[in-house]
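Biologist: Could you show me how to read a protein model, one feature at a time?
Modeller: Gladly! Let us look at it together.

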Amino acid sequence: MAKKTATAISHPNIALIKYWGNLDHGFRIPANSSLSMTLGGLETRTTVSFDPDLDRDEFELDDHKAEPLAFDRVVSHLDKIRAIAGIQIRASVQSHNSFPAGTGIASSASGFSALTIAACAAANLSLPPKQLSIIARQGSGSAARSILGGFVELYSGPTSDDSYAVQVAPPEHWDLLDLIAVISSTHKEKGSSYGHDIAHTSPLQAARVEDTPRRMDVCRSAILEGDFPALAQIVELDSNMMHAVMQTSTPPLIYLDPASIDLMKKIEIWRHEGLQVCYTLDAGPNVHCICTRSSAPEVLNRLREITQVLHIYESKPGEGAVLR
Ligand code: PMV
């Protein structure tokens, strides 16, 4: 095979119903189904070149040689794609994020989604979205959802082939915004892979997983019907349930900062004052403020007045991953 290069762009996503814990860690089969909004405006751009002249894989993230752990994870993802394509050629991978990695804005989601799309194209594999999402999921569970745009559901197990993403509604279905209040942009100490591994140690995890089909139904209906009050209630409950599991794992995982909690309380008050806004937080302290277009200007004004909010990213429902 001659040298072949492909570039893909993918957006991160914010889980409205979260995945936490795995049924199978090797294949990253999630313990529960999840539902997300793909985040337009934020992106990872990844170029993969399979090059017969290379004797080992190379991976640069934001123009720096990747750390060993990140490097190994990318190599093992490339190995999966090489096995499907029946090739052994080494690759060089260059990846750029338009937002800080590892801070609760899911850079692993857009990262492994873009890597999957670019590497499959560079390996001459033409696969449907279902297969691409199954491959992306094995790099990072949430990456399966970033393959698709708009509002996206990721089924959980029981086997790897049953755990793939589907679109619930396209980006234009609902003009929601995610105003991401950055409380901290330092890299988190414990990543989500570690958290998934210990999720089962929380006595609350089994109840969270068991209740997931109900939360999925409520969230899916709220999205399809454009019912913001119903969405707000289920999204905040789901985020709090996941953080309760994190905090009651052994050892406890606490991602929230005091400023995150202050903002969560403020958002609840703002909603009672009539603004259509709710909060959700992934594995980090940053607060995703999900709001309607009409409430967004006032939410933005209020966020700008909070000194602990270092930066605000504005994102609307985005498209799925594409080749460039
Ligand atoms: O895809 P991972 O392994 O980074 O896990 C994602 C975990 C959460 O972002 C906290 C929840 C989710 O469903 O995206």
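**Reading the model step by step**

Modeller: Let us begin with overall form: a compact globule of 324 residues would have a radius of gyration near 20 Å, and the protein chain has 19 Å, which agrees. Please keep in mind that this is a predicted model.

Biologist: What box do the C-alpha atoms of the protein chain fill?
Modeller: Taken along the principal axes, the box is roughly 60 × 40 × 35 Å. Inside the protein chain you will find 10 helices and 16 strands.

Biologist: How many of the residues count as buried?
Modeller: Here the label buried means under 20% relative accessible area. By that cut-off, 57% of the 324 residues of the protein chain are buried. As for the surface, the chain exposes about 13400 Å², with carbon and sulfur atoms supplying 52% of that area.

Biologist: Now for single residues. Is R82 buried or exposed?
Modeller: To answer that, we compare its relative accessibility with the cut-off for buried, which is under 20%. R82 has 2%, so R82 counts as buried. You can find R82 in helix α1, which covers residues 68-85.

Biologist: Which side chain makes a polar contact with that of R82?
Modeller: That of D79, at 2.8 Å. Setting aside residues up to four places away in sequence, R82 also touches several others, including F50, D57 and V75.

Biologist: What about T280: where is it found?
Modeller: T280 sits in strand β13, residues 277-280. Its relative accessibility is 0%, so T280 is counted as buried. The side chain of T280 makes a polar contact of 2.6 Å with the side chain of K18. Beyond four places in sequence, the residues in contact with T280 include I14, A15, V235 and H288.

Biologist: How far apart in space are T212 and S34?
Modeller: Sequence and space are two separate scales to read. T212 and S34 are 178 residues apart in sequence and 8.2 Å apart in space, C-alpha to C-alpha. T212 is in helix α7, residues 212-225, and is buried, with a relative accessible area of 2%. A polar atom of the T212 side chain lies 3.0 Å from the backbone oxygen of V209. Leaving out residues up to four places away in sequence, T212 touches I17, N32 and S33.

Biologist: And how far apart in space are T5 and R220?
Modeller: They are 215 residues apart in sequence and 38 Å apart in space, again from C-alpha to C-alpha. T5 lies in strand β1, residues 4-10. With 44% relative accessibility, T5 counts as partly exposed. The side chains of T5 and S49 are joined by a polar contact of 2.8 Å. Not counting residues up to four places away in sequence, T5 touches T47, V48, S49 and A122.

Biologist: How should I read the backbone angles?
Modeller: Start with the general idea: most peptide bonds are trans, and most residues other than glycine have a negative phi. With that in mind, we can look at some particular cases.

Biologist: Which residues does a cis peptide bond with omega of about 5 degrees join?
Modeller: That bond joins G157 and P158. P158 lies in the loop between β10 (151-154) and β11 (165-169). Another cis peptide bond runs from T250 to P251, with omega near -5 degrees. P251 is in the loop between α8 (228-247) and α9 (258-272).

Biologist: Which residue has a positive phi of about 70 degrees although it is not a glycine?
Modeller: That is D63, placed in the loop between β7 (58-61) and β8 (64-65). D63 has 54% relative accessibility, so D63 counts as exposed. N124, which is not a glycine, has a positive phi of about 65 degrees, and N124 lies in the loop between α2 (107-122) and α3 (129-139).

Note on methods: Residues are numbered from 1 along each chain as its sequence is written. This is a predicted model: local features need pLDDT of at least 70, side-chain atom pairs count only at pLDDT 80 or more; totals for chains, interfaces and linings use all residues. Side-chain values use heavy atoms; hydrogens and water are left out. Helices (H or I, at least four residues) and strands (E, at least two) are DSSP runs, numbered from the N terminus. The radius of gyration is taken over C-alpha atoms; the globule rule is 2.2 Å times the number of residues to the power 0.38. Buried means under 20% relative accessible area, exposed over 50%, partly exposed in between (1.4 Å probe, protein chains only). Accessible areas come from the Shrake-Rupley method with a 1.4 Å probe; for residues, only the protein chains shown count as cover. A polar contact is a pair of N or O atoms within 3.5 Å; within protein, one must be able to donate a hydrogen and the other to accept it, and residues adjacent in sequence count only if both atoms are side-chain atoms. Contact means heavy atoms within 4.5 Å.
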